[in-house]
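Here's a quick briefing on the model you have open.

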Amino acid sequence: MRNKPVLTFILFVVAQMLLTNYFHVGAYVVLTILPVLILCLPTTVATVPAMCIAFASGLAVDFLAEGTLGLNALSLVPVAFIRKGLVGLIFGMEPFEHKESISLKKYGFAKMSVAILLSLALFLVIYILAECAFTRPLWFLATRAGVSLLASYAVCILIVNLLTDDDRR
């Protein structure tokens, strides 16, 4: 995140609230930027504090925008839990060793896309299964997850540059 990471994070959580409240695409689409917010936290933030940040921001979105208390928090905490492993798997341990943030410019579009898609997929699978509670047919759940993944990915790839620093020298 840029110069003021806390302010940037809060502004994007507010943007997620506005997106949830005022941008209804339909029954098939869940637009979310929360997983990329957690993915792009500075690498100096350890797993447990990242999980606490994920829980607090998910609960804030649930309380102030979504209406179903705990749904975003439930879905976002596992993303924070796997963040270090996911970053290590895709980008290597270099970001943690050098205490630098991941960025689109440094690691490339392909690696960043894989990281975003995996974190979004985990979030959306948990979110959709918890929201529907298996009361919908499997084809509906799969369609909703796929369409939501593509739509959320398009939004996340647009904002990822705003969240990360370019550490390349």
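In this predicted model, the largest pocket has 19 residues in its lining, and Thr20, His24, Val29, Val30 and Glu66 sit nearest its centre. The space in there comes to about 290 Å³. The second largest pocket holds about 170 Å³.

**Largest pocket**

- Sorted by class, the lining of the largest pocket has 9 nonpolar, 7 polar and 3 charged residues.

**Second largest pocket**

- This one is lined by 11 residues, and those nearest its centre are Pro5, Val6, Phe9, Leu41 and Ile53.
- H1 turns up here too: it gives the most to the lining of the second largest pocket, with 5 residues.
- What classes of residue line the second largest pocket? The lining has 10 nonpolar residues and 1 polar one, with no charged residues.

**Overall fold**

- The protein chain has 8 helices and 0 strands, so reading along the sequence you simply get α-α-α-α-α-α-α-α.
- The radius of gyration is 15 Å, close to the 15 Å that the globule rule gives for 169 residues, so the chain is as compact as a globular protein of that length.
- If you're setting up a box, the C-alpha atoms fill roughly 50 × 30 × 25 Å along the principal axes.
- Of the 169 residues, 46% count as buried.
- Looking at contacts with a separation of 6 or more, 72% are between residues 24 or more positions apart.

**Cysteines**

- How many disulfides does the structure hold? The count is 0.
- Take Cys52: the closest cysteine sulfur is in Cys40, and at 19 Å from the sulfur of Cys52 that is too far for a bond.
- For reference, the two sulfurs would have to be within 2.5 Å to count as a disulfide.
- Cys52 is partly exposed, at 48% relative accessibility.
- Cys132, on the other hand, counts as buried, at 6% relative accessibility.

**Arg144**

- You'll find Arg144 in helix H8 (residues 138–163).
- Is Arg144 buried or exposed? Arg144 is buried, since its relative accessible area is 9%, and the cut-off for buried is under 20%.
- Beyond its neighbours within four places in sequence, Arg144 is in contact with Ala27, Tyr28, Val30, Ile128, Glu131 and Cys132.
- Two of those names have come up already: Val30 is among the residues nearest the centre of the largest pocket, and Cys132 is the buried cysteine mentioned above.

**Lys99**

- Most residues other than glycine have a negative phi.
- Where does Lys99 lie? Lys99 is in the loop between helix H5 (94–97) and helix H6 (104–107).
- The residue is also exposed: the relative accessible area of Lys99 is 61%, against a cut-off of over 50%.

Note on methods: Residues numbered from 1 in each chain as written. Predicted model: local features only at pLDDT ≥ 70, side-chain atom pairs only at ≥ 80, totals over all residues. Heavy atoms only, no water. 1 Å grid on protein atoms, 1.4 Å probe; cavity = no way out; pocket = protein on both sides within 12 Å on 5 of 7 lines; lining within 4 Å. Points joined across faces, edges and corners; volume = space filled by probe spheres on them. Nonpolar A, V, L, I, M, F, W, Y, C, P; charged D, E, K, R; others polar. Helix = DSSP H or I, 4+ residues; strand = E, 2+ residues; numbered from the N terminus. Buried < 20%, exposed > 50% of the residue type's maximum accessible area, 1.4 Å probe, protein only. Rg over C-alpha atoms; globule rule 2.2 N^0.38 Å. Contact = heavy atoms within 4.5 Å.
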